[in-house]
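Q: I have a two-chain model open and want to learn to read its interface. Where should I start?
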Amino acid sequence: MSAGAIFVMASFTVPEQVGTNPYALLWLLPLVAAIAIVYKVTKLPTITAGSFLKDVAVLSGSIIVFVVVIALALFILTWLITG
Amino acid sequence: MVRRSKENQTVFLITVGLLAWVVPGAGHLMLKEKIRSLIIFATIVLTFCIGLYVGSIAVIDPVGAKPWYLAQIMNSPMVAALGHLTASAPAKYRVFGRPNEIGQIYTSIAGLLNLLCIINAVYLAHVRGTRPAGD
């Protein structure tokens, strides 16, 4: 087995460093994109590049907006209880 | 379209479901949905690999995280081999904290998305199989 292949396989045996900072929330974005892509690929009757990308972008945006709204609501609720 | 007998139709549905489980997107490929199968395969495999890369293969833990494992194994039966590997050497493969959370969420969501695709492929196969001849 080549050194490159061993290096790639070894990178899957040790976890990456992920900090507990606000930037860690960006890990949400690829997951939202994956959910939107798979959902739309099962729902659309025909797949054309333009309409598919547009639908995926709209669904991804909707999920992100909904997550932000829920986060704000929870923040306000916490502030009302503890503030 | 040629109608299948009831027994053949059942075998066909089971085959589509099993294929879709073994290789993400293979069920749709069997139904001649090439673009759908390619998108499903690329998306699910990439999501699963991101989860494994961030959290390492230790995120697949059939002993300490059974509910997550149930979702993860929906990716493919090959996940069981990884689970066996991590369960046989728990001291060697360990992950804690944020990488563990992100890795488990990514790999489990990938599994649940594949479950959605399995159900969709079987449904499509069923609908096409029960459609009257000539459609």
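A: Start with one residue and its partners. The model is predicted. Apart from neighbours within four places in sequence, A:Val14 is in contact with B:Tyr53 and B:Ser56.

Q: Where in chain A does A:Val14 lie?
A: Look for the elements on either side. A:Val14 sits in the loop that runs between helix 1 (3-10) and helix 2 (28-43) of chain A. For a sense of distance, take A:Ser62, 48 residues away along the chain: its C-alpha atom and that of A:Val14 are 34 Å apart.

Q: How many residues does each chain bring to the contact?
A: Count each side separately. Chain B brings 28 residues and chain A brings 25 residues.

Q: What area is buried between chain B and chain A?
A: Read the area together with its atom types. About 2,300 Å² is buried between the two chains, and carbon and sulfur atoms give 75% of that.

Q: How many salt bridges and how many residue pairs in polar contact are there between chain B and chain A?
A: Keep the two counts apart. The salt-bridge count between chain B and chain A is zero. Polar contact joins eight residue pairs across the interface, both residues at pLDDT 80 or more.

Methods:
Residues numbered from 1 in each chain as written. Chains lettered and ligands numbered in written order. Predicted model: local features only at pLDDT ≥ 70, side-chain atom pairs only at ≥ 80, totals over all residues. Heavy atoms only, no water. Contact = heavy atoms within 4.5 Å. Buried area = accessible area lost by both parts, 1.4 Å probe. Salt bridge = Lys/Arg side-chain N within 4 Å of Asp/Glu carboxyl O. Polar contact = N/O pair within 3.5 Å; in protein donor to acceptor, adjacent residues only side chain to side chain. Helix = DSSP H or I, 4+ residues; strand = E, 2+ residues; numbered from the N terminus.
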